[in-house]
Amino acid sequence: MNKKTVKTLLVTALAASTILAACSDNSSSTSTTDASKDGNETTTTGKLEVSLALMGGPKTPDAWVETALEEDLTSHLGRDVDVKNVFLPGWDEAKTKINLLMSDKDQMPDVIWHWDMNKEFNSWVQAGALHDLVPHLQENGKNIINYYSAETFFYHWDPSGKIFRIPGDIAEAGTMTTIIRKDWLEKLGLEVPKTLEEYIEVLRAFTHDDPDGNGKDDTYGLSGDDNYRSFAPFFLSHGVDPYQFLLDENGKVVYGATLPQVRDVLEILQGLYKEGVIDPRMLTTNPEVDDIMAQGKIGSIYRWVAFFNPDFNYHMSFKALNPDGEYMPIDPVTGPDGFASDLPSDLFGWSYLSVTAAAEEPAEVVKVLDRIASPETNKLIKFGKEGEHYEIVDGQYKSLIGPDEINELGLGNYDWYIQRKDGANIINTPEVLELFEARNQSSMPMREKTVFFKSLTRPAWTEYSADINKLRDETYLGIISGNLDITAFDEFVKQYPALGGDEVDKEANELYQTQSAERAEFDKWYEENIEPYK
Ligand SMILES: [Ca+2]
């Protein structure tokens, strides 16, 4: 056992004992047994106070949205509901605050919102600080279990048959798409590219043939941010993703960054960079991609589907600067072997909700969460009341209030509380919703070979990934920019095992085996324990 592990265990044990001490202190008691003040017969169990840790939105206290939610919950639960907002501080301090809240039962909200805290989450579970949600989801969780897929539940399922957290927010299954300047294609008399070769020819024309017609050499074929996903049409058409662990033809899990197809892609990118087709800002830190898109001097980019909502900020800036310009999404281009895919998002989500030991009526708290998960309540707390705060014109959402009023009303305060990405997210036009679905489908080929790890701990990866990825990035960026020869990639692959890659790969394969076996077990469990309650 190395020093790091010992320290981790100590910290976990300490955290667990603090929580245990907190949990055994039952001096705190919420007023769940208060008699109903108005004598309403339906409120037989008295007022329900429910405290929610909140991270999203404007965090406006005592806002319209709180009252609206309370009224909605009161009428749905048949008893007075008093929502207590526990606003978490900014991103830098939020984790400290969450730990603090969870270490003292007097402070513990009924629902804790958390993200990127797997170690702490494990310690809360071990300490008995969280309720198992399974019986409550069965009884009162129809909206939740119908909205999240079996796949999603799998990632949060404990093999003991318990679930201690549900996602607060999950991106759409396919959130990104290749985007191209439709007006430039037409102007230059080019077809929509279907293959990577055709795509490259289009990018060249967008660079060299003055697509904006101003007589100046001032356009780039491809732009994007400092992230390999910006080169998705190249990597994914070759069936590789340098960020992910992928299944090879033999069912072995390999690190995408080391695969030979990456070499081919880097060679292509090096050539295009030299030709001036690739925007050099892609190789700088944090380029202002949204502004770059708005300025309208680039021909293609791999970017968010949501851009196609006409009231998307940078879409509006683009239209203001380029009244005749038009971006269009295109299907993923096929590579040398005929493979094509968009980028799949993970289905486990990035933030989570757990019901804590402080909740004396966990069944009622899950009822609250489930009501929030309904399309009606989701819409109400995000967009307000139709006719008053927004209207739907020709199927399209239109806000009737400005950003200041939106904040004042507290719209968004309950963001990332089972935030729906389907039709309830009315900000999406019907076309954008369709595009999300199309990208869900077109990201399947990569989804099938990408390994999304279920395990909350990956010690080898934690230990070695920083060094491995540092060399990966130096190598890739060096090659693309022309500072390194393509043989630098071979050097990277050669050094990978000694950098910890051997252990990383071993761990990845073991975890994959374990989770594959677990998945079979889970499917049976889901069939018996969730399916009948939908
Ligand atoms: Ca030009």
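**Exercise 1. Find the residues through which H2 meets H14, then describe how the two helices pack.**

Solution. Start with the contacts: Asp72, Leu73, His76 and Leu77 of H2 meet Glu364, Lys367, Val368 and Arg371 of H14 (contact: C-beta atoms, placed from the backbone, within 7 Å). Helices and strands here are DSSP runs, numbered from the N terminus (helices H or I, at least four residues; strands E, at least two).

A word on the model before we go on. It is predicted, so local features need pLDDT of at least 70 and side-chain atom pairs count only at pLDDT 80 or more, while totals for chains, interfaces and linings use all residues. Residues are numbered from 1 along each chain as its sequence is written.

Now the geometry. H14 spans residues 362-372, and its axis lies 10 Å from that of H2 at an angle of about 120 degrees (axes are fitted to C-alpha atoms, for helices over the stretch in contact; angles run from 0 to 180 degrees between N-to-C directions). The pair is therefore oblique (under 35 degrees is roughly parallel, over 145 roughly antiparallel, 65 to 115 roughly perpendicular, the rest oblique). The crossing is right-handed (the near helix is turned clockwise from the far one by less than a right angle; anticlockwise is left-handed).

**Exercise 2. Describe the packing of H2 against H15.**

Solution. Take the axes of H2 (residues 64-77) and H15 (residues 375-383): they come within 9 Å and cross at roughly 165 degrees. That angle makes H2 roughly antiparallel to H15. The crossing of this pair is right-handed. On H2, Val65, Ala68, Leu69 and Asp72 make the contact, and on H15 Thr377, Leu380 and Ile381 do. By class, that gives five nonpolar, one polar and one charged residues.

**Exercise 3. Is Lys84 buried or exposed, and which residues does Lys84 touch?**

Solution. First place Lys84: it lies in strand S2, residues 81-87. Then count: Lys84 has 12 C-beta neighbours inside 10 Å, so it is exposed (12 or fewer other C-beta atoms within 10 Å; buried is 20 or more, partly exposed in between). Finally, leaving out residues up to four places away in sequence, Lys84 touches Glu49, Val50 and Ser51.

**Exercise 4. Which residues of H4 are buried?**

Solution. In H4 (residues 118-126), the buried residues are Phe121, Ser123 and Trp124. Just after H4, Gly128 has a positive phi of about 70 degrees.

Definitions and conventions. Ala, Val, Leu, Ile, Met, Phe, Trp, Tyr, Cys and Pro count as nonpolar, Asp, Glu, Lys and Arg as charged, and the others, Gly among them, as polar.
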